[in-house]
Amino acid sequence: MDAARTALRLGAEVHIVYRRGEEELPARKEEVHHAKEEGIIFDLLQNPTEILVDENGWVKGIRIIKMELGEPDASGRRSPVEIPGSEYEIDCDTVIMSLGTSPNPLISSTTKGLEVNKRKCIVATEDTGATSKDGVYAGGDAVTGAATVILAMGAGKAAAKGIDEYLSAK
């Protein structure tokens, strides 16, 4: 949501394309409300299937298929189901992909000695951002999971202090 609202403020026409409905959007209600007020277009129950590029490799659009919510599973969550023959394209020159609200799993699998919790978030101290790996600091969504930019900025400030203390002691 932050990237979409920033792109809008920089002059872009912004569409948020999501395969489920508004009730299932993984964003806080007030974020969605404010995004709509600012002019972001929500293309819900739509699923991006392909980024279209021109002969030079530049983005020229995105292919979409319409969805509907199927029957609820054991947890009560309704899975999106493609509607055959409903494909269409949106012309665009930039695509910002938001693929989830958890840290990149490559971080923990490629960084020996970095402790992560059961949600695969990096374990770091709140006051300095120090992790279990000497000289490595973390903050924001990689530590907390999905949260706000304000919290990430605070974590960045704490980590900067921690890094300064670490380097000053060397």
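**Helix packing and pockets**

H1 passes H2 in a left-handed crossing. The model is predicted. Its largest pocket has a volume of about 1600 Å³, and the second largest pocket has a volume of about 240 Å³. Helix H5 (149–168) gives two or more residues to the lining of the largest pocket and provides the largest share of the lining of the second largest pocket.

**Contact of H1 with H2**

- The axes of H1 and helix H2 (residues 29–38) cross at roughly 15° and come within 11 Å.
- Angles under 35 degrees count as roughly parallel, and H1 and H2 are therefore roughly parallel to each other.
- On the H1 side the contact is made by Asp2, Arg5, Leu8 and Arg9, which meet Glu31, His34, Ala35 and Glu38 in H2.
- Sorted by class, this contact of H1 with H2 has five charged, two nonpolar and one polar residues.

**Largest pocket**

- The largest pocket, with a volume of about 1600 Å³, is lined by 43 residues, and the closest to its centre are Ile16, Val17, Ile96, Met97 and Ser98.
- Two or more lining residues come from each of these elements: helix H1 (2–9), strand E1 (15–18), strand E3 (46–53), strand E6 (88–91) and helix H5 (149–168).
- E3 gives five residues, the largest share of the lining of the largest pocket.
- The lining of the largest pocket is made up of 25 nonpolar residues, nine polar residues and nine charged residues.

**Second largest pocket**

- The volume of the second largest pocket is about 240 Å³.
- The lining of the second largest pocket has 18 residues, and those nearest its centre are Glu126, Gly140, Val143, Thr144 and Ala155.
- Helix H4 (141–144) and H5 are the elements that give two or more residues to the lining of the second largest pocket.
- H5 supplies six residues, the largest share of the lining of the second largest pocket.
- By class, the lining of the second largest pocket divides into nine nonpolar, seven polar and two charged residues.

Definitions and conventions. Residues are numbered from 1 along each chain as its sequence is written. This is a predicted model: local features need pLDDT of at least 70, side-chain atom pairs count only at pLDDT 80 or more; totals for chains, interfaces and linings use all residues. Side-chain values use heavy atoms; hydrogens and water are left out. On a 1 Å grid over the protein atoms alone, a cavity is a set of points where a 1.4 Å probe fits but cannot get out, and a pocket is an open set with protein on both sides within 12 Å along at least five of seven lines; lining residues have an atom within 4 Å of a point. Grid points are joined across faces, edges and corners, and a volume is the space filled by probe spheres set on the points. Helices (H or I, at least four residues) and strands (E, at least two) are DSSP runs, numbered from the N terminus. Ala, Val, Leu, Ile, Met, Phe, Trp, Tyr, Cys and Pro count as nonpolar, Asp, Glu, Lys and Arg as charged, and the others, Gly among them, as polar. Axes are lines fitted to C-alpha atoms, for helices over the stretch in contact, and angles run from 0 to 180 degrees between N-to-C directions. Angles under 35 degrees count as roughly parallel, over 145 as roughly antiparallel, 65 to 115 as roughly perpendicular and the rest as oblique. A crossing is left-handed if the near helix is turned anticlockwise from the far one by less than a right angle, and right-handed if clockwise. Contact means heavy atoms within 4.5 Å.
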